[in-house]
Amino acid sequence: MKSHVKAVVIGGGVVGCSVLYHLARAGWTNVMLIERSELTSGSSWHAAGGFHTLNGDPNVAKLQAYTVQLYKELEEISGQSCSLHLTGGVMLADSPERMDFLRLAHAKGRYLGMDTELITPSEAKKMFPLMDEKHFVGAMWDPVEGHLDPSGTTHAYAKAAKKLGAEIVLRNPVKELTQDPDGTWNVVTEQGTVRAEHVVNCGGLWAREVGRMVGVELPVLAMEHMYLLTEPMPEIEAFNKETGREMIGVLDFKGEIYTRQERNGILLGTYEKACKPWSPVNTPWDFGHELLAPDLDRIAPSLEIGFQHFPGIANAGIKQVINGPFTFAPDGNPLVGPVQGLTNFWVACGVMAGFSQGGGVGLALSNWMVDGDPGFDVWGMDVARWGEWASLRYTNAKVRENYSRRFSIRFPNEELPAARPAQTTPLYDTMVANNAVMGDSWGLETPLWFAPKGTKPKDIVSFHRSNDFEHIGNEVRATRDRVGVTEIANFAKYEVSGLASEDFLNRLMTNRMPKKGRIVLTPMLNEFGRLIGDFTIAKTGDDKFMIWGSSAAQKYHMRWFEQHLPTDGSVRIHRYDQTLVGLSIAGPKSQALLAKLVDVDVSSKAFRFMDFREMAVGGAPCMVNRITYTGDLGYEIWMAPAYQRLVYKAIKEAGEEFGIVDFGMRALLSMRLEKNFPTWFRELRPIYGPFEGSMERFIKLEKNDFIGREAATKEHADGPKLRRVSFYVDAQDADVMGDEPIWAKVGNKDFGTVEKPHGYGAPRFDDTGKEVRGSDAARGASAVRGIVDGDWRVVGWVTSGGYAHYVQKSMAQGYVPAALAENEADGLFEIEILGHRRPARINVEPPFDPSGEKMRG
Ligand SMILES: Cc1cc2nc3c(=O)[nH]c(=O)nc-3n(C[C@H](O)[C@H](O)[C@H](O)COP(=O)(O)OP(=O)(O)OC[C@H]3O[C@@H](n4cnc5c(N)ncnc54)[C@H](O)[C@@H]3O)c2cc1C
């Protein structure tokens, strides 16, 4: 065993072996994997070995597509068979809602280059004759599905990594992790200590315990999972003989069942409602290659439905039931990346579908470690997406909810109840008493909309417009015509201070920093010139700034800020989280309302648009920004939680004469639509450049050197290939949700280079055969490819949208080729909503207050 290496990977399951292989492939060959026992000694050995590409998050879907595509390469390099069976599979819909869900998935697949197809139940039955088609209304066929040998595949990664020079040490538990002042990790094992620059936690079932070695409680939990194997079935043997084909994989949402052929019988697994965590607090170190006791009673309800849906299977004898544990994060997606607050400590764990996702996880993490950037959009699996509230008990409740809902439809307006409330503001009880429908915003209860008194504050979940529509409309109209108040505690807030704070922010941000008492809006870029943040910044003192940003990105942004902080202590950064809360008032009467609450001049002359002031509001010390996301005349008022009730009460009392209303997040998002304002993580993501994102007003290329300036200058000089645009959509009773394809009537005109830059990073090579790495490499790999229907082509994708109530239009934002971005012609675009193509038209100017007159006041 070497004593010094570049990186130690802890854990020899499929994920650890994939990370090791990808690190070695990226050129880090002085790397070592340390395994407690033998390879596959966690959940990898008893997996059912199924793989597929579909995932609710298109970015994770691309990563899964990469994983599947990798297996051939892996077999060739390692000489080890993965026993690949690429059978294809169908998802069966038993209800119109489920069919809508499949239509949505199919539509998303169009711009991801997936070859899915919507088919009838009888077409599905031809591929899987064991089913009874009368239980289903339709199905979706996906050719990129199948199964493999889990152990063979894990060993294939390991062998390939070893061929590239990586070392694998078996039967050697890692006991302790310490870090020297220079950042070097001491990996203390049973066989001695290895010193490493980087450590990767791929501990699978023990990832939590490995995290605890460095003081981190990772939100992962293992669940028991059962699948059964039947005796050989003559129907299957006959089918194979007759067609020369293996039976396909089948996913039955209603029965919460997946099934496929295994030898001459069937493998059938369930995600049962009555699910059971395994080792909820500590994973025993002596657990190894053993299985858990089967519990058929627990999966009986699923089996009952399954046997009705697939009568052929009901008659087969059960040969074996496998029950094994595997880990989940609260949302079912992996935890990948560097852990905020630590240096060079990485995780790749919580991977619940190691054989669909392991390759992509390995690629992303190795890109990140070697190049400083994952190379594609990994937000959906970034470990930074969880806050401190994702405790052991939170994780337990959320993982159980996620597991039991694995095959349930998640509607776009659906808020899930488990582990709530996690965090509340002092106004929580007041908002509930006001009949607010509350939503979860990064662990914080936030009012979404207000139901009329006497009615139940509850969403009717749907893909279509629902019971909130009318009430959100009322909130928007009252705010735009008079004045409204809403909670904004769910924004991220930071204070940056110290002598070098302005230089620090000028280096990180694309816009010039404001003068004292003024505010700017500014994106933040990575070295590749991609958008990694979008902030409101106020200069609050001589060497002091306040920053507001996206709540969900708090750890993501703190990680970046900390990585770039000067080491001499000349800049300090403080994340407030819920120690600072806020209220926003907006609408034409908001200025008169504020004037009643303060003892200073807040006329538009004295307190201008984009000004920042500290003042007492209703008697409470507050920071006030003259800006709101509604795009109207309005204010954001920030205070310590102890004052929030006082300020709210004062606002409501003083606002009575103006007819003030409470409005929720959904009204706020509706109002931002009619101003063409983007949102972080939808319109603005690390896959877009600032000019693509139509953020040019905030990019000052000529100011000092800032991170990403070189790439942004190039993007500007070359001209962006894509542009973020806003559309009016001729929708019926359903608005866009995001990820819908945008069609354009452009005949044969090919916008060849226009590709959705999810960038699933299949390795790419330049003309000399050298691998191209980093974000640019990723951008070429995924495409809006050749989807043509007569003169119509898919040219782009929707990022978000909804109904803009004040201007009474269904609106969408999305990306299209730059050449089309200013073409406001009728009849040029269509947007596919729930499988139906609806006419759409670009609107270059925002429909509400295009000149900004109202906003400036
Ligand atoms: C019944 C069942 C069916 C499944 N079916 C599928 C399927 O069809 N398709 C699919 O994609 N996935 C399936 N899975 C899930 C799949 O098994 C997991 O996604 C995958 O195994 C996760 O791999 P891993 O490498 O993250 O973790 P693990 O396989 O748990 O590996 C972790 C490794 O780390 C080692 N380790 C931990 N701590 C230390 C330490 N301190 N020192 C040294 N070594 C350490 C362990 O010994 C272990 O070998 C199934 C799982 C189960 C249980």
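## Helix packing, ligand shell and loops in a predicted model

Helices α2 and α10 are roughly perpendicular to each other, in a model that is predicted. Two packed helices are described by the angle between their axes and the distance between the axes. Here the axes of α2, which spans residues 58-78, and of α10 cross at roughly 95° and come within 7 Å. An angle from 65 to 115 degrees counts as roughly perpendicular, and therefore this description applies to α2 and α10.

On the side of α2, the contact is formed by V60, L63, Q64, Y66, T67, L70 and Y71. These residues meet G354, F355, S356, Q357, G358, G359, G360, V361 and L363 in α10. By residue class, the contact of α2 with α10 divides into eight nonpolar, eight polar and no charged residues.

| Residue and atom type | Distance to a ligand oxygen atom |
|---|---|
| R36, polar side-chain atom | 2.8 Å |
| S41, polar backbone atom | 3.2 Å |
| S44, polar side-chain atom | 2.6 Å |

On its own, the ligand has 1000 Å² of accessible area, and the protein covers 97% of this area.

Two loops contain local backbone features of note. Most residues other than glycine have a negative phi, and most peptide bonds are trans. In this model, the peptide bond that joins R420 and P421 is cis, with an omega of about -5°. P421 is located in the loop between α11 (392-404) and α12 (428-433). N676, although it is not a glycine, has a positive phi of about 60°. The position of N676 is in the loop between α18 (665-673) and α19 (709-718).

F677 is likewise placed in the loop between α18 and α19. Apart from its neighbours within four places in sequence, F677 is in contact with T628, Y629, T630, G631, R672, R724 and Q813. Between F677 and Y66 there is a separation of 611 residues in sequence, and their C-alpha atoms are 33 Å apart in space. Y66 is itself one of the α2 residues that meet α10.

Terms used: Residues numbered from 1 in each chain as written. Predicted model: local features only at pLDDT ≥ 70, side-chain atom pairs only at ≥ 80, totals over all residues. Heavy atoms only, no water. Polar contact = N/O pair within 3.5 Å; in protein donor to acceptor, adjacent residues only side chain to side chain. Areas by Shrake-Rupley, 256 points an atom, 1.4 Å probe, with all protein chains shown as cover. Axes fitted to C-alpha atoms, helices over the stretch in contact; angles between N-to-C directions. Helix = DSSP H or I, 4+ residues; strand = E, 2+ residues; numbered from the N terminus. Parallel < 35°, antiparallel > 145°, perpendicular 65-115°, else oblique. Contact = heavy atoms within 4.5 Å. Nonpolar A, V, L, I, M, F, W, Y, C, P; charged D, E, K, R; others polar.
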